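Hi everyone, thanks for making the time. I'd like to walk you through one model today, so please have a look at it on the screen before I start.

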Amino acid sequence: MRRRVPSPAGAHPCDAARSLGEKDADDEAAEGRALAERWCAACHATGPAQASGGDAAPAFATLAASRDDAALAAWMAAPHPPMPDPGLSRDQIAALLAYMKTLRN
Ligand code: HEC
């Protein structure tokens, strides 16, 4: 079953960019960050320079540094246990990837 992304409370900042038919990289990364905080932070440390708490789920900063874009996108499209499949859309995957790229340094 596919879940829809719940909209963040209130008007969301992406609307303006979308109505212009364009989303720049910063907007996309911001959207990915919001998704990460909502859907991924329960298991993953999603912030910059955040080390894994030693749990089974690796920190996003670690993943961004150790995986290439294709590997990250492939996993998000079809994760396997112990990670649940959140049913991400292509846009959501692109946004999450854009955010993860900002964690590389
Ligand atoms: C219920 C806990 C849980 C949630 C929620 C979760 N993950 Fe994971 N995730 C894991 C675990 C555990 C692993 C490690 C799996 C392994 O190494 O076998 C993992 C691994 C990953 C990996 C690395 C896969 C690889 O290449 O080894 C990525 C990328 C990832 N998760 C992205 C996400 C994203 C994006 C979200 C939010 C949409 C998310 N995860 C939400 C538990 C979770």
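Let's begin with D27, which lies in helix α2; helices here (H or I, at least four residues) and strands (E, at least two) are DSSP runs, numbered from the N terminus. By the cut-offs used here, a residue is buried if 20 or more other C-beta atoms lie within 10 Å of its own, exposed if 12 or fewer, and partly exposed in between, with C-beta atoms placed from the backbone. Along the sequence D27 and A95 are 68 residues apart, yet their C-alpha atoms are 8.6 Å apart in space.

Two words on the ground rules. This is a predicted model, in which local features need pLDDT of at least 70 and side-chain atom pairs count only at pLDDT 80 or more, while totals for chains, interfaces and linings use all residues. Residues are numbered from 1 along each chain as its sequence is written.

Now the overall layout. The protein chain has 5 helices and 0 strands, and from the N terminus on the elements run α-α-α-α-α. Of its 105 residues, buried ones make up 20%. Contacts are also worth a look; two residues are in contact if their C-beta atoms, placed from the backbone, lie within 7 Å. Taking contacts between residues at least 6 apart in sequence, 53% join residues at least 24 apart.

Back to α2, then, and its partner. How do α2 and α5 pack? Helix α5 covers residues 90-102, and the two pack at an angle of about 100°, with their axes 7 Å apart. Axes are lines fitted to C-alpha atoms, for helices over the stretch in contact, and angles run from 0 to 180 degrees between N-to-C directions. The two helices are therefore roughly perpendicular to each other, since angles under 35 degrees count as roughly parallel, over 145 as roughly antiparallel, 65 to 115 as roughly perpendicular and the rest as oblique. On the α2 side the contact includes A25, E28, A29 and G32, and on the α5 side A95, L96 and Y99 are among the residues involved. By type, the residues of this contact divide into 10 nonpolar, 3 polar and 3 charged. For that count, Ala, Val, Leu, Ile, Met, Phe, Trp, Tyr, Cys and Pro are nonpolar, Asp, Glu, Lys and Arg are charged, and the others, Gly among them, are polar.

Let me stay on α5 for a few residues. Leaving aside neighbours within four places in sequence, Y99 is in contact with A29, G32, R33 and A36. M100 is also found in helix α5, and it counts as buried because it has 24 C-beta neighbours inside 10 Å. Q92 has its place in helix α5, and it is partly exposed, with 17 other C-beta atoms within 10 Å.

That brings us to the core. A nonpolar core is a set of buried Ala, Val, Leu, Ile, Met, Phe, Trp, Tyr and Cys residues joined through C-beta atoms within 7 Å. The largest one has 15 residues, and F60, L96, Y99 and M100 have the most contacts inside it. Helices α2, α3 (60-66) and α5 each supply at least two residues of this core, and α5 gives the largest share, 5 residues.

For contrast, A65 sits in helix α3 and is exposed, with 12 other C-beta atoms within 10 Å.

Next, the ligand. Which residues come nearest to the ligand? Of the 19 residues around the ligand, they are C40, C43, A56, A57 and M83; a residue is near a molecule if its C-beta atom, placed from the backbone, lies within 6 Å of it. Helix α4 gives the most to this shell, with 4 residues. The shell divides into 17 nonpolar, 1 polar and 1 charged.

One last item is a backbone detail. Most peptide bonds are trans. Here, though, a cis peptide bond joins P81 and P82, with omega about 10°. P82 has its place in the loop between α4 and α5.

Thanks, and I'm happy to go back to any view.
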